[in-house]
Amino acid sequence: MEDLWYKDWFDSHYYHLLYKNRDTNEASAFIDLLVCYLNPDERSTMLDVACGKGRHSIQLAKMGFDVTGIDLSEASIQEALNSERKNLNFYRHDMRQTFWINYYDFVFNFFTSFGYFDSKRENLNALTSMTNAMKKEGTFVMDYLNIKYTELHLISEEEKISEGILFKIMRWYDKQNFYKKIDIHDHSLVNTLTYTEQVARFSLDDFKEKFKTVGVEIKEIFGDYQLNSFEEKTSPRLIMICKKVN
């Protein structure tokens, strides 16, 4: 089931071990700045697609918004459920499938949580489900890696140790994707485990074309989590603020 690498890997204990130190403070600061820029009504409904354990959703809910987080990973959702409250709910859901229709004022897709799928149809299905979830003239925010910056700053090999487990990581890219091969050396296992992440090399022009298909227009572009202007070669992120136009 090679095409389901994301399902197996994102539910793996080793995935959560490798990425356990993701910067919650950075995520909170980003959400604070983004909300200040978007200036949503206090009664706004928000959908966080591919929410993981809910670090962005939790911050949005603390501000009083009505927030829903969805993710394919059962392990991530089970942990996120511990943070549920009246205005914060989590569901296990595949982003390629319709969730709700014409319900949310804001739909977010943070931290390159897109571009995993092998076919154009699957990627389009994911975008369609996200944009269908928005009300007319709703706001869609896509936070993706900037491919030019990623190419220039790619670390081809590195090693990380977490709780005594060695992760050997190799990175490369071709015309279609960026790849990250992760060899897991755990003394409790007989053999080395290997997972390979991949994410599509979607450029700004690629997104403009895709967004036109699903009925959204880019209104503003930022290049990092401090919401500085986007520069093709020097910005680490491609953060697109979009409006639903039909």
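These are my notebook entries on a few places I looked up in this structure.

**Entry 1: ground rules**

I am working with a predicted model, where local features need pLDDT of at least 70, side-chain atom pairs count only at pLDDT 80 or more, and totals for chains, interfaces and linings use all residues. Residues are numbered from 1 along each chain as its sequence is written, and side-chain values use heavy atoms, with hydrogens and water left out.

**Entry 2: helix α4**

Of its 8 residues, 6 are buried, so the helix is largely enclosed by the rest of the structure. For burial I use relative accessible area with a 1.4 Å probe on protein chains only: buried is under 20%, exposed is over 50%, and partly exposed is in between.

Which residues of α4 are buried? I noted His56, Ser57, Ile58, Gln59, Leu60 and Ala61. They pack against α3 (24-38), β1 (45-49), β2 (66-71), β3 and β4 (104-109). Just after α4, I found glycine 64 with a positive phi of about 100 degrees.

Most residues other than glycine have a negative phi. I still found alanine 50 with a positive phi near 60 degrees. Alanine 50 sits in the loop between β1 and α4 and is buried at 19% relative accessible area.

Threonine 112 also has a positive phi, about 50 degrees, although it is not a glycine. I placed threonine 112 in the loop between β4 and α6, and at 11% relative accessibility it counts as buried.

**Entry 3: salt bridges**

Side chains of opposite charge can pair when their charged atoms come close. My rule for a salt bridge is a side-chain nitrogen of Lys or Arg within 4 Å of a carboxyl oxygen of Asp or Glu. How many salt bridges does a search of the whole structure find? I wrote down 12, and then looked at some of them.

Arginine 237 pairs with aspartate 143, their closest N and O atoms being 3.0 Å apart. Arginine 237 is in strand β11 (residues 237-244) and aspartate 143 in strand β5 (residues 134-145), so this pair ties together parts that are 94 residues apart in sequence. I checked burial too: arginine 237 is buried at 12%, and aspartate 143 is buried at 1%.

Next I looked at arginine 171 and glutamate 158, a salt bridge with its closest N and O atoms 2.6 Å apart. This pair links distant parts of the chain, 13 residues apart, with arginine 171 in strand β7 (residues 165-173) and glutamate 158 in strand β6 (residues 157-162). Arginine 171 is buried at 18%, whereas glutamate 158 is partly exposed at 22%.

I also noted a network in which Asp94, Arg96 and Glu122 are joined by salt bridges that share partners. Within it, the side chains of aspartate 94 and arginine 96 meet at 2.7 Å, N to O. Aspartate 94 is buried at 14%, and arginine 96 counts as buried at 19%.

**Entry 4: glutamate 84**

I found glutamate 84 in the loop between α5 (74-80) and β3 (88-92). Is glutamate 84 buried or partly exposed? At 34% relative accessibility, it counts as partly exposed.

Leaving aside neighbours within four places in sequence, I saw that glutamate 84 is in contact (heavy atoms within 4.5 Å) with Asn89 and Phe90. The side chain of glutamate 84 reaches the backbone nitrogen of phenylalanine 90 at 2.8 Å. I also checked glycine 69, which is 15 residues from glutamate 84 in sequence and 9.9 Å away in space, C-alpha to C-alpha.

**Entry 5: aspartate 8**

My last stop was aspartate 8 in helix α1 (residues 5-10). At 42% relative accessibility, aspartate 8 counts as partly exposed. Aspartate 8 and tyrosine 195 are 187 residues apart in sequence, and I noted 8.8 Å between them in space, C-alpha to C-alpha.

Note on methods:
Helices (H or I, at least four residues) and strands (E, at least two) are DSSP runs, numbered from the N terminus. A polar contact is a pair of N or O atoms within 3.5 Å; within protein, one must be able to donate a hydrogen and the other to accept it, and residues adjacent in sequence count only if both atoms are side-chain atoms.
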